Amino acid sequence: MSQPSDARSPSRRDLLKMIGLAAGSTTMLHAMSSLGHARQSPYKGPIDLQGAPQGRKVVVLGAGLAGMCAALELRNAGYEVSILEYQKRAGGRCWTLKGGDVIEELGGYRQKVEFSKGQYINIGPWRIPHHHLALLDYCHRLNVPLEVFVQENQNAYLHSQTAFDGKPIRYGHAWADYVGQITELLAKSVNKGQLDNALTREDTEILLESLKSFGILNNDYSYEASLDTAEYRGYPDAGAPGGGLYDAAPEPSQPIALEDLLKSRFWEKMRNHTTYRHHAPMFQPVGGMEEIAHAFAREVEDLITYNAKVDRIRQTESSVEVAYSAADGEGEGGVETGDYCVCTIPFTILSQLDVDVSADMRRVMRSLHYHEAVKAGLEMKRRFWERDEQIYGGITLTDLPIAEISYPSAEMHSDGPGVLLGAYVYGPHAYAFNSMSPEERLETVLEQGARIHPQYRDEFSNGVVLSWHRVPWMLGCYSNWDDRGRDYEIAATMDNRLVCAGEHISYLPGWQEGSLLSALDAVRQIHDRAVKEG
Amino acid sequence: MMRFLIAPLLLVFALPSLAQEDNSQVDAGRRDLGSTTEKFTDEDGAELYRRACSGCHGPEGKGAYGAGRYPALADNPRLGHARFPVNLILEGNGAMPSFADWLDDAQVAAIVSFLQTNLGNDYDADVSAEDVKRMRAKFADLKEG
Ligand SMILES: Cc1cc2nc3c(=O)[nH]c(=O)nc-3n(C[C@H](O)[C@H](O)[C@H](O)COP(=O)(O)OP(=O)(O)OC[C@H]3O[C@@H](n4cnc5c(N)ncnc54)[C@H](O)[C@@H]3O)c2cc1C
């Protein structure tokens, strides 16, 4: 990109094209990384395990994405594999709630999901960055169709209880006006010569030109109501560009004063959509995130024993022995024996089990804490956010405890109902929700959301609010490493014949990509050991 | 305060089968949850227990059991000395998160005193905010070392 083109040798792109044509696309992928394209993932294409010794068996604990991915690759490589799973479903946290589903919570509450046919809420993972290459590759290989997940929507809202009389403000208005006015301030101070020492005269001129263009400033370097700024922030309600004779000519809209924007603290939220993890486009599987789990399960379901609550893991010099009981208290338990074990049970739970691991590993398991999170799915009879407010997908951010309202990216513009993400709560508020009954949680979520969308009153039909700390097979949301250091290495390294994998054994905590990359690394560690042991 | 949702919802949720646990007394739909994004705001030990702890350990402290467990705090012999619960609250352990950033010394002392004298526990409430402050510094040191 920054290299000057050289007429004598082929350009890098030409070279890539040639390699791509001559060989499969995997070669292209490898070539791209060696030629210095920064690929934002350590994933280098499907894992290739050659030379597995005959008759070696691996016991996999947990049938979330990490467990199923490990099982799939190990079986492909020639290992015998079995999976023990506490639930009566596969997928773990990759979980989509649909009408008819029942949630049994720790503490005894039960929620029945009443959504209409075809409606769902992704109550755990809900969005996939375009740089999560392993996850995207598995979606490709396992035929999981994806669609765009709208993360940033300029027409969604920013909302503060104390600013603008508690009325929501369109994200795009706040954004354009904030950028416009801080640019104006900067341009005016540059123009007064206050930055002369830092910049050459020529650079100062370019800077002024750029601030003017970036902030939509006029010739006096002011950001003000004009048809130019309206082109960016939008038009007044009764002044949008029209056709024909009446009310057709557009009018400028009035920017929000900088003081008000500063006091609203909306700027705290304005980089939210621009973190690398949330860059557009993001994706979601058609029909719900759990489609990914279903796709893995289609490959490995024959290996899974459901309703198997792992209680104890014994390791000897040559084997691993896992004792389990029936999770629902009915039916038989058993003992599963293998040469090696991939354990994807979250540390919240594993740290309470009777497990033969080093003292170091045990200490690390107990010192890793998990985040809290509460998510709500609210079915509305009518997609009022689309019809009344022209919000198609995206996220409204608020300083109310519910923190977010997200509008469905699926079935946009349909006449049917839609399910909103009505809350995504973390921090102390999440513990307050965690302590409520489901009906109290729901009422609290509705009461808060109605402050932003008064239509909630008439349109709500049914809903579910899940606190991840009440999920019997999780006891939390996702891992919260303060400082990985040596402890992380201990957790990620094979301990005798057992290797841990999952979201918590990654630098991508709380992302499915982390589960898969960790599973692939665990598989590699087991394979290396098995080959060595013969 | 807006209360418009309560009537229709109660009709839907009054079914006894739904709530098998005693209803906590949180005001449904109440905007003040006793929390901010940074901390818990109550001062009373019972209130703090209800908001911060009862979701896991249960309103009556009976604990909860699944693939893992939240231990019972009711009739718990380990609550006799404040150092043990103070340590868990500040440092966490396994699935018990640390509350160090969200509770100040007086709040920790209030919760521990509540636990020591309620939920079937009958000990002397033997901890002050000053004690918690000292323990907080000590635990932090131990972690550094
Ligand atoms: C609220 C929330 C939002 C998220 N958002 C996103 C997102 O937008 N995008 C994204 O990519 N990721 C997201 N994630 C993260 C993603 O869900 C996880 O990283 C991933 O699903 C974890 O997979 P895993 O296989 O590592 O663990 P899990 O899926 O948790 O699998 C562990 C399995 O072990 C089983 N188990 C537990 N105890 C036992 C036992 N004793 N015996 C037998 N089995 C047991 C469990 O039932 C479970 O099936 C989110 C997660 C949450 C909770």
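A residue is near a molecule if one of its heavy atoms lies within 4 Å of it.

**View 1. The ligand and its shell in the predicted model.** The ligand lies between chains A and B. It is surrounded by 38 residues, and the closest of these are E85(A), R93(A), R127(A), E503(A) and Q512(A). Sorted by class, the shell around the ligand holds 21 nonpolar, 11 polar and 6 charged residues.

**View 2. Elements of chain A that supply the shell around the ligand.** At least two residues of the shell come from each of α3 (65–77), β12 (308–315) and α17 (512–533) of chain A. With 3 residues, β12(A) gives the largest share of the shell.

**View 3. Oxygen atoms of the ligand and polar side-chain atoms of chain A.** In R93(A), an N or O atom of the side chain is 2.7 Å from an oxygen atom of the ligand. Q87(A) has a polar side-chain atom 3.1 Å from an oxygen atom of the ligand. For S515(A), the distance from a polar side-chain atom to an oxygen atom of the ligand is 3.1 Å. The ligand taken alone exposes 1,000 Å², of which the protein buries 99%.

**View 4. The annotated domain of chain B.** An unreviewed UniProt entry places the feature "domain: Cytochrome c" at residues 40–119 of chain B. Over residues 40–119, chain B is 44% helix and 5% strand.

**View 5. R78(B) in its loop.** R78(B) sits in the loop that runs between β2 (69–70) and α3 (83–91) of chain B. R78(B) counts as exposed because its relative accessibility is 55%, and the cut-off for exposed is over 50%. Leaving aside residues up to four places away in sequence, R78(B) touches F84(B) and P85(B). N121(B) is 43 residues from R78(B) in sequence, and the C-alpha atoms of R78(B) and N121(B) are 9.9 Å apart in space.

**View 6. The buried residues of α3(B) and what they pack against.** The buried residues of α3(B) are P85(B), V86(B), L88(B), I89(B), L90(B) and E91(B). In chain B, the buried residues of α3(B) pack against α4 (105–117) and α5 (129–144). In chain A, they pack against β17 (369–370). After α3(B) comes G92(B), which has a positive phi, near 70°.

How values were computed:
Residues numbered from 1 in each chain as written. Chains lettered and ligands numbered in written order. Predicted model: local features only at pLDDT ≥ 70, side-chain atom pairs only at ≥ 80, totals over all residues. Heavy atoms only, no water. UniProt positions renumbered as here; feature names shortened; annotations may be inferred. Helix = DSSP H or I, 4+ residues; strand = E, 2+ residues; numbered from the N terminus. Buried < 20%, exposed > 50% of the residue type's maximum accessible area, 1.4 Å probe, protein only. Contact = heavy atoms within 4.5 Å. Polar contact = N/O pair within 3.5 Å; in protein donor to acceptor, adjacent residues only side chain to side chain. Areas by Shrake-Rupley, 256 points an atom, 1.4 Å probe, with all protein chains shown as cover. Nonpolar A, V, L, I, M, F, W, Y, C, P; charged D, E, K, R; others polar.
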